[in-house]
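Work through the exercises below with the model open. Try each task before you read its solution.

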Amino acid sequence: MSARAGTLAGLAAVAAFGLAFLLLAPHWVELDTLLDLTVYMIMSILALSLGLVWGYGGILCFGQAAFFGLGAYTYAVAMVNIGESTLPFLLAIALPAGFAALLGYFMFYGRISDVYLGVITLTVTLILFNTVNSTAGPEYHIGSARLGGFNGIPSIPPLNIPGRPEAALDLEGMFYLSTALLLATYFGLRALLASRFGRVVVGVRENERRAELLGYDPRLYKLATFAIGGAIAGLAGCLFANWGAFVSPTIFGLAQSAQIIIWVIVGGRGTLIGPILGSIAMEWLTTTLGANQTTGTGGLADLWSNAPLVLGAILIGFVLLVPRGLVPTLADGAGRLLRRRLPAPAAAPAPEVAE
Amino acid sequence: MAAPLLETRSLGIRFGGVQAVRDVNFSLAEGELRCLIGPNGAGKSTFFKLITGQLQPSQGQVLFRGRDVSAAAAHEIARLGIGIKTQVPSVFDGLSVRENIWLAAIRLHRRRRAAAAAVDEMLARVGLAALADRPVGQLAHGQRQWVELGIVLSTDPQLILLDEPAAGMTHEEVLRTAELVREINRDKALIVVEHDMQFIRMIASRVTVFNQGAVLVEDTIANILRNPVVRDIYLGKQAAA
């Protein structure tokens with residue numbers, strides 16, 4: 001099977017599974033499970049945004065939560081003011097993208113090194129956290145939307161069918177929309193990465209100087225990648241604000257930022273399916289561990305119910321034992337098994353087929 | 001006399017207290033092949049970096065076809081038609097040989113079919129067709145040199161700078177590289193930095209000798225090899241043998 005046929009088969013498999021999941025899940029599971037599944041889909045979109053920026057663009061952004069939170073707050077504020085969701089939805093994508101472009105302009109055109117890039121993105125997130133956190137008083141409002149400070153913004157009106165404010169989405173509708181948007185984001189990114197632009201982005205990640213000496217401006221490619229990542233994170237934020245009808249400054253918190261990076265580390269950089277699986281696995285684990293009650297008797301059972309401890313151990317385990325993440329490691333293992341079965345005529349593995 | 005393809009005027013760069021390149025007036029005609037020699041640290045690679053915009057000069061100017069490119073960014077200079085093969089092969093290690101060449105070819109050929117054809121042609125030209133799907137990071141040093149040469153040629157530059165193209169190659173590979181350089185020189189100008197005097201004899205007519213950041217002498221290869229000062233500072237034992 002040629003690399004191209006393999007890629008197409010992979011795409012078809014994801015499409016078939018995704019569509020089946022989209023159509024069948026609401027008929028099979030209870031509403032509360034559906035609610036959980038919806039947030040997995042939303043977090044998967046967020047994971048994809050860093051999967052693009054870090055995994056393909058080579059930009060380690062510690063502040064993907066900034067764009068996620070901006071998307072959520074933008075939607076909340078615009079929706080409270082406008083009352084019809086078309087414009088708030090678009091703003092929730094455009095504003096984080098614009099903010100990412102502005103931030104990216106100073107970082108990439110200022111030729112900031114990778115380490116400082118991480119520091120700056122993290123700092124920006126924390127600045128946003130502190131700023132929004134301290135806007136509790138009634139004097140802090142945008143239009144008729146009170147920012148609410150550490151209390152957050154409650155009762156955010158849900159998305160509606162464009163042009164029909166009375167036709168709001170219910171919980172099932174949110175599931176359909178989130179899943180469909182996850183699939184659209186996944187396939188959109190696959191198309192982007194297969195395009196000339198996407199391949200140059202990977203070239204810049206591999207060797208920035210060489211890309212430059214071939215006549216590509218690495219700053220421009222990184223800026224565009226960063227802005228697209230900001231837009232996708234904003235989209236996820238918008239959906240998240242819808243999902244809980246609530247947004248608070250913790251969305252900008254350190255925990256949220258770290259979590260996104262962990263999803264990508266666990267799932268695997270340089271793939272798209274990896275971050276999705278990583279986010280679902282880690283979210284599921286967090287929920288499950290969170291549901292465990294301490295017995296108060298000490299011992300192993302209590303250790304297991306200490307969610308941060310277990311998650312931390314898993315992260316360290318991954319960084320030490322599976323540094324490339326689940327999907328690339330499994331794909332390599334499967335490839336090696338296949339080749340042992342059928343000794344192909346000196347065909348080397350297709351390098352880094354993007355999944 | 002026709003205007004030179006490349007010209008530098010009093011070109012210099014200083015790193016802290018070190019004048020790495022000083023007052024270099026260099027001129028290269030259209031279609032010329034020039035070799036640069038000189039001991040390690042003479043400023044040859046720094047000179048290349050100044051021409052390609054990887055470093056900005058502290059003094060003087062670089063002119064390409066009469067246009068001042070001293071302050072231009074590296075990618076702009078590449079688009080004007082200067083390609084460089086760096087001393088340590090600078091390639092896309094995680095990508096296949098084909099993808100490496102494609103990334104260069106696609107800048108010229110906007111249509112994918114034309115780019116794919118150009119890639120196949122280049123793979124054959126640099127003798128890497130059999131290795132096309134291998135990641136470049138897995139290849140031997142000499143093969144990586146050719147990948148880089150293929151990348152550079154695929155952007156169809158008018159001037160090609162080669163920094164030690166024969167380094168780390170077997171004798172057979174050196175012969176093939178010399179042949180390739182002569183073939184490239186049929187329609188493109190080249191500047192080649194090399195230590196291997198045998199290789200230089202195979203390709204060069206004129207040689208510029210760098211020493212301590214400045215041009216020491218410029219002459220034909222035969223005269224350079226007879227020049228007692230050059231023998232003294234650089235060739236030493238090698239030429240005496």
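Predicted model: local features only at pLDDT ≥ 70, side-chain atom pairs only at ≥ 80, totals over all residues.

Residues are numbered from 1 along each chain as its sequence is written, chains are lettered from A and ligands numbered from 1 in the order in which they are written, and side-chain values use heavy atoms, without hydrogens and water.

**Exercise 1.** Find how α1(A) and α6(A) are oriented to each other.

*Solution.* 
- Take the angle: α1(A) and helix α6 (residues 171-194) of chain A pack at about 175°.
- Apply the cut-off: angles over 145 degrees count as roughly antiparallel, under 35 as roughly parallel, 65 to 115 as roughly perpendicular and the rest as oblique.
- Conclude: the two helices are therefore roughly antiparallel.

**Exercise 2.** Decide why α7(A) counts as largely enclosed.

*Solution.* 
- Recall the term: buried means under 20% relative accessible area, exposed over 50%, partly exposed in between (1.4 Å probe, protein chains only).
- Count: 8 of the 11 residues of α7(A) are buried, so the rest of the structure largely encloses this helix.
- Name some: A:R196 and A:G198 are among them.

**Exercise 3.** Describe the salt bridge between A:K222 and A:E208.

*Solution.* 
- Recall the term: a side-chain nitrogen of Lys or Arg lies within 4 Å of a carboxyl oxygen of Asp or Glu.
- Check the distance: A:K222 and A:E208 meet at 3.0 Å, N to O.
- Locate the pair: A:K222 is in α9 and A:E208 in α8 of chain A, 14 residues apart.
- Compare burial: A:K222 is buried at 13% relative accessibility, whereas A:E208 is partly exposed at 29%.

Key: Axes fitted to C-alpha atoms, helices over the stretch in contact; angles between N-to-C directions. Helix = DSSP H or I, 4+ residues; strand = E, 2+ residues; numbered from the N terminus.
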